[in-house]
Every structure is written in C-alpha cells, then in structure tokens.
Amino acid sequence: MAGRAQRSAAGPAPGILPPPPPPLLLLLLAAAAVIRTGDGQNLVTEDVTVVEGDVATISCRVKNSDDSVIQLLNPNRQTIYFRDFRPLKDSRFQLVNFSNSELRVSLTNVSISDEGRYFCQLYTDPPQEIYTTITVLVPPRNLVIDIQKEVAVEGEEIELNCTAMASRPATTIRWFKGNKELTGKSEVEQWSDMYTVTSQLLLKVGREDDGVPVICLVDHPAVKDLQTQRYLEVMYKPQVRVSQNYPVQGLTREGEPLELSCAAFGKPQPTDMRWLRVDDEMPQHVVVSGSNLLISNLNKTDNGTYRCEASNAVGKSHADYMLFVYDTTATTEPAVHDSRAGEEGAIRSVDHAVVGGVVAVVVFAMLCLLIILGRYFARHKGTYFTHEAKGADDAADADTAIINAEGGQNNSEEKKEYFI
C-alpha cells in the first residue's frame, strides 16, 4: 500500500497518460499567449474612417519581420486573409499587398454593418495581436427647407425649418440670409444608429428681404458644401416719390408753369395713384394726367402742399410737395421744394425756412440778454451801502450832518451794514 501511494504521488504509472486539462484552462492559456498591446508590440495598424459606400483599406504591418505568418480577422473573429489566401467568401475583400512585413486588404462598398474591430495577428512565440477600428460615416439622406408662409408681408415674423435626415453622426445646421449668418434652434432625433436633425429659424422680414435667399448649410464630416435654399417673397407698401419736371431748377415764379411727376414702387405694384391738395381744394386750373400734375400759370393762390397717394393690397403711402409761388421779379433761391414722403397719417414736415427763422430769433434774443446782464454786473461791481448818518447828504456842513444823522450816538448799537 505504501509503495502504491508513493507511485501515485510521484506521477502516473508507466504507460498511463495524464488526464487532459479542462477546456476552460485551454482558453485561458490561449488568451494569455496573445499579446494585444504593449511597448514591445511588433504589429502596427491604424484606425480607419470611411464614408458609407466608399472603400476602406486595412493594413497590418510588421516592424521587424521574421517571416512569421500574418492574418486578418473580422469583428466576428472569422479569418478574412491568412497570408495571401482568403478563406472568407466575401468578395468585397480584396488583397492589395502581401509580403513578409505587410498584409493590406481593401473593403469595397462599405456599409454600417461593416463597422467594428478588425484584428491583425502575427504567429510568433508568443503570438501577437492588435486591432483596428473601422468607423462608417453616413451623410444626410435629404436636406429640405419648409417655410411657414410662401408669401409674407413686411414686418411679419415667419418660421423656417431645415431638416437633415438619416445621418451619422448627427449633423450641424447653419443658417444664412444672403451672406449674413443667422442663429437657429436645433433638435436631434435618433433612430437606431442614425440621426435626424431639424433646425428652426424665426425671421422678421422687411421689404429689403424680398428676393433674398435663405440658405440651410450642413456641417458633416462625410460631406462638403451640402446646402439648400429658398428665396423670400415679401409684400410691402408703395414707396412714393414726387419730382419736379419744370422748372428743372430755380424759382417757381408767378405766371410760370409747374409740372410735377409721381413715381410709386411696391409689391404688388400700386394700382391706385391720385393727386390731392392737403387742407384745401385742388385749384380748378390744375391738370392731373395719370401720375403727372400740371399748373400752366402759377399764382399766389396756388401756394400749399400737394400730395401724391399710392396704394396696393398691403397699404397706402404718400409723398408731399410744398409749393411757394414767388414774385415775377424774385431772384432769391427758394426754400427746399423736394417732396416729403410719409406713411398714411404722418405729420407734415415744417418748411426749412421757417425753422431757420425761429432759430435765428432765439439766438439773437440770447445774445441781447447776455449783453444786458454784462452791463448790469459791471455797473454794480463793489458798491458799498451803509445806514450810518442817514440823511446827512442834505446837510449844509459837517456839524449839521452829525446832528441830522439818524439815531445819533445813542443808537450806535443799532447800526447795520449791508453789502450788495
């Protein structure tokens, strides 16, 4: 019994094989034999970023080749290439280069399902392994601008939405009005591995925005210069201007003709245009023909403000012309006769000559006041008054002055002095 026990402790009996190790132990030993990373790693590779549908190239390189076998595995650890042989039946993988120091493989028509880790293995002692990651970018499938109102009226705030669908990673949307960048508000929705981004822009429009493009631009690593645009259509009131056709320059003298023309621009184009005289009836001898007004023989009774009104579907606007008829012998240049434009209900401008006259009167009055004040202070500078010996001014001599002095010596304590 003792001898049998000693044989069991020393090892199995001759001719008897030892029991095989358990499968778990084999896996642990195999994992320990594989070196994934480290300073002494002899394998080199790089991560790959590729746009969906393009070609990805995977390179497994050996720093110091010793003719060891190189192989490439997919994320499921299936062998793609063993040396220059391809066991995997996916024809999208093609050998680009094989040598003792490199195994380079291309993958065409890349899709999202190809994303993941690919392993380079080198059969050395111990074996070496390193992985490279393929990242697949997906550009937006579609880029669309939706506008709240196809036609807007000046002063309104409109809403625009730009949507970039099914991208990876999520896109960044930027807004431009003409060449000016604007700020929108974006929301991101994720569907599986894809992202849809919607950006909202609130824009208050004016007449100057009519015909201006609003651009939605996408920033995404998979695509460059992807954008779409919509042109703004803005309706606005007429812009009215009155011009003097005759006399071209100079005075509007009595007995001479006057011709005015009215021009109006708006969207839609004004359909109704008329002349009237502000705060008075139009003289009977005034001839209105379309947008023109003609007075063949000016007289003093024609003085006043003449208004051209124009309207469209958005609203009404006007421009005023202030007429002053001079004598036939007048040579002085007139006050400004240019038309005064304004919206309905606006206050008429005051003639420049009247304003200039008022300013001149105010300045003259201030100068006169300064002169009077200066003379007053100059005359009373340093004057000293006292109530001592009041009434002595009319005395015949000094003794009488003392006698007549008010209060005399007895009231000396009541004397008061004043400085002015």
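## Overall picture

What does the accessible surface of the protein come to, and how much of it belongs to carbon and sulfur atoms? In this predicted model, the accessible surface is about 26,400 Å², and carbon and sulfur atoms hold 54% of that area. The protein has 420 residues, of which 33% count as buried.

Strands and helices number 28 and four, respectively. Among contacts between residues at least 6 apart in sequence, 62% join residues that are at least 24 apart.

## Aromatic pair Phe82 and Tyr123

A search of the whole structure finds three aromatic pairs. One of them joins Phe82 and Tyr123 in an edge-to-face arrangement, with 6.3 Å from centre to centre and 65 degrees between the planes. Phe82 belongs to strand β5, which covers residues 79–82, while Tyr123 sits in the loop between β8 (116–122) and β9 (128–137), so this pair ties together parts that are 41 residues apart in sequence.

Are these two residues buried, partly exposed or exposed? Phe82 is partly exposed, at a relative accessible area of 34%. Tyr123 also counts as partly exposed, with a relative accessibility of 42%.

## Aromatic pair Phe119 and Tyr131

Another edge-to-face pair is formed by Phe119 and Tyr131, with the centres 6.3 Å apart and an angle of 70 degrees between the planes. Because Phe119 lies in strand β8 and Tyr131 in strand β9, the pair ties together parts 12 residues apart in sequence. Phe119 has a relative accessible area of 9%, under the 20% limit, and is therefore buried. Tyr131, at 33%, is partly exposed.

Each ring of this pair also has an arginine over its face. Which arginine lies over the face of Phe119? That residue is Arg77, at 4.3 Å from the ring centre. Over the face of Tyr131 lies Arg117, at 4.0 Å from the centre of that ring.

## A four-stranded open sheet

Four strands form an open sheet in the order β14-β13-β17-β18, and their pairing is antiparallel. Which strands stand at the edges? They are β14 (180–182) and β18 (223–231); each has a single partner strand, so one side of each is left without a neighbour in the sheet. From one strand to the next, the twist averages 30 degrees.

Within this sheet, strand β13 (residues 172–177) and strand β17 (residues 213–220) run antiparallel and are joined by six bridges. Phe176 has Ile215 in β17 as its bridge partner. As a general point, side chains in a regular strand alternate between the two faces of the sheet.

## Pairings of strand β19

Strand β19 spans residues 234–246 and takes part in a parallel pairing with strand β11 (residues 152–153), over two bridges. Here Ala152 stands opposite Val234 of β19.

How many bridges connect β19 with strand β20? The two strands pair over eight bridges in the antiparallel sense, with β20 covering residues 258–267.

Methods
Residues numbered from 1 in each chain as written. Predicted model: local features only at pLDDT ≥ 70, side-chain atom pairs only at ≥ 80, totals over all residues. Heavy atoms only, no water. Phe/Tyr/Trp six-rings, centres within 6.5 Å; stacked < 30°, edge-to-face > 60°. Buried < 20%, exposed > 50% of the residue type's maximum accessible area, 1.4 Å probe, protein only. Lys NZ or Arg CZ within 6 Å of the ring centre and 35° of its normal. Pairing = 2+ DSSP bridges. Axes fitted to C-alpha atoms, helices over the stretch in contact; angles between N-to-C directions. Contact = heavy atoms within 4.5 Å. Areas by Shrake-Rupley, 256 points an atom, 1.4 Å probe, with all protein chains shown as cover.
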